[in-house]
Amino acid sequence: MCLAVPMKIVELKNDSAGVCELDGTRYDVDLSLIETPSLQEYVIVHAGFAIEKLDEAEASARLELFEGMAQAYREDETGPAGEGE
Amino acid sequence: MKYIDGFRDPDAARYLKREIGALAKRLAAAERTVRLMEVCGSHTMAIARYGIRQVLPENVRLLSGPGCPVCVTDAAYIDAAIALAEQGHTIATFGDMLKVPGSGRTLADARSVGGRVKVCYSPMDAIGEAEENPSREVIFLAIGFETTIPPVTAVVKAANAKGLSNISFLTAFKLVPPALEALTTDPEVKVDGFICPAHVSAIIGSDAYVPFVEKHEVPCVIAGFEPLDILMGIKGLLEQLLSGEPELVNQYSRVVKKEGNKAALALMDAHLEPADASWRGIGTIPSSGLKLRPQLRRYDAAEKFGVRLEGGTPDSRCRCGDVLKGKLLPPECPLFGKACNTLRPVGPCMVSAEGSCAAYYKYSR
Ligand code: SF4
């Protein structure tokens, strides 16, 4: 029952309601717990309510970190010394 | 969706597995086996689903904690909900509650003999139900942790604003930090580090754990629910255990802020006040729950209908309490997979998708 997923705000109806999208499906979402929701922003949605914004800069930094790890792993596997795990 | 798939990259996972292996070797050299508890049911489910337990070195054990709100709901509470349904009221609830046995029967049983049980995706659905049926009381089963409490509280606020008189809430809200405190001070429970919940933390903020970490000197990492988030969390806990400097690390900074969600916290504070709460299988933990403030008591179903939440007698063979404290792994329960399975659950841990027993059962066969 605690499932919560990131969705993008694609429509604002009034200051506390909107429509969010995940993988092409649109959902009515209550935005009353979010300060100043704006279009195209990502929010975490749980039980029909957005419970917090997703900070895209922080998310991108994390994704970069993980990409770096993935790359490091691949290089180690196929690197010149050929010493993989 | 990049904010989901990007956190599942298999090569990054292999990299982290290697790092965790190296850290675990250093711990093994010091003959240390570490026990890490994931407190949240969504972590439990993700760990089972992605087979994370299986890729960990032998001296790194993952235990599931009491972080599934359905699993920690008392049998007496279920009994009360069934009794209210039998009195002709409409019970509005999240779907996971339907199959949880109380002292014997479930809400699904009550529904099969004519009880009115409405399953809600959003708690706001209960308002629509009350407005459409003004002559009938709608009682919402207000359970959940800090993630779910603000949405439900928003419904209380909406009902109050509309002046609805045929809706009420049977509250059994629970708070995570007092549960961590109770687990850590229980001499039977041995946990070396906690993976703290992601979305509970989004509401309460990372600072909420600082007093706990300082008092008990136990490593804590807030982690998201994707596999790379969880592996990063485990790596971070092992690093803290090696350095001997426990702290709170927020690995989910893309959502969790230091101060949490202020609007949600203000909403909770305006409508709710601290209360003791009874956790199934664990017992009463002081101030580990919330109830409606006195000025909102007319929305409190227990007050309105004179319900006493005491004396439930759950099936004594069920070992959910030990599972929730990390003392027992689900397959070690004699009923696991035999008398108790997801089709015929004996205990709440087998009912909810986020329950430890259900997660083990679904993915470990
Ligand atoms: S397997 Fe079933 S009976 Fe055993 S602890 Fe889990 S839920 Fe309870």
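Author: Start with polar contacts. Between chain A and chain B, nine residue pairs are in polar contact, with both residues at pLDDT 80 or more. On chain A, the side that touches chain B draws two or more residues from each of β1, β4 (42–46), β5 (49–53) and α1 (56–78). The largest share of that side comes from α1(A), with 14 residues. By class, the side of chain A that touches chain B holds 23 nonpolar, twelve charged and three polar residues.

Keep in mind that this is a predicted model.

Now the interface as a whole. Chain A puts 38 residues in contact with 48 residues of chain B. About 3800 Å² of area is buried between the two chains. Carbon and sulfur atoms give 67% of that area. The rule also finds three salt bridges across the interface of chain A and chain B. One salt bridge pairs B:R18 with A:D76. Their closest N and O atoms are 2.4 Å apart.

Next, the second largest pocket. Residues of both chains line this pocket: A:L3, A:A4, A:V5, B:F225 and B:E226 are the ones nearest its centre, among 20 lining residues. The largest share of the lining, four residues, comes from α3(B). Its classes are 13 nonpolar, five charged and two polar residues. The space in this second largest pocket is about 380 Å³.

Last, the largest pocket. Its space is about 830 Å³. The lining counts 38 residues, and those nearest the centre are B:D74, B:D276, B:A277, B:S278 and B:L309. The elements of chain B that supply two or more lining residues are α5 (75–86), β6 (167–174), β10 (272–279), β11 (283–292), α14 (301–304) and α15 (320–324). The largest share, five residues, is from β6(B). By class, the lining of the largest pocket has 17 nonpolar, eleven charged and ten polar residues.

Terms used
Residues numbered from 1 in each chain as written. Chains lettered and ligands numbered in written order. Predicted model: local features only at pLDDT ≥ 70, side-chain atom pairs only at ≥ 80, totals over all residues. Heavy atoms only, no water. 1 Å grid on protein atoms, 1.4 Å probe; cavity = no way out; pocket = protein on both sides within 12 Å on 5 of 7 lines; lining within 4 Å. Points joined across faces, edges and corners; volume = space filled by probe spheres on them. Nonpolar A, V, L, I, M, F, W, Y, C, P; charged D, E, K, R; others polar. Contact = heavy atoms within 4.5 Å. Buried area = accessible area lost by both parts, 1.4 Å probe. Salt bridge = Lys/Arg side-chain N within 4 Å of Asp/Glu carboxyl O. Polar contact = N/O pair within 3.5 Å; in protein donor to acceptor, adjacent residues only side chain to side chain.
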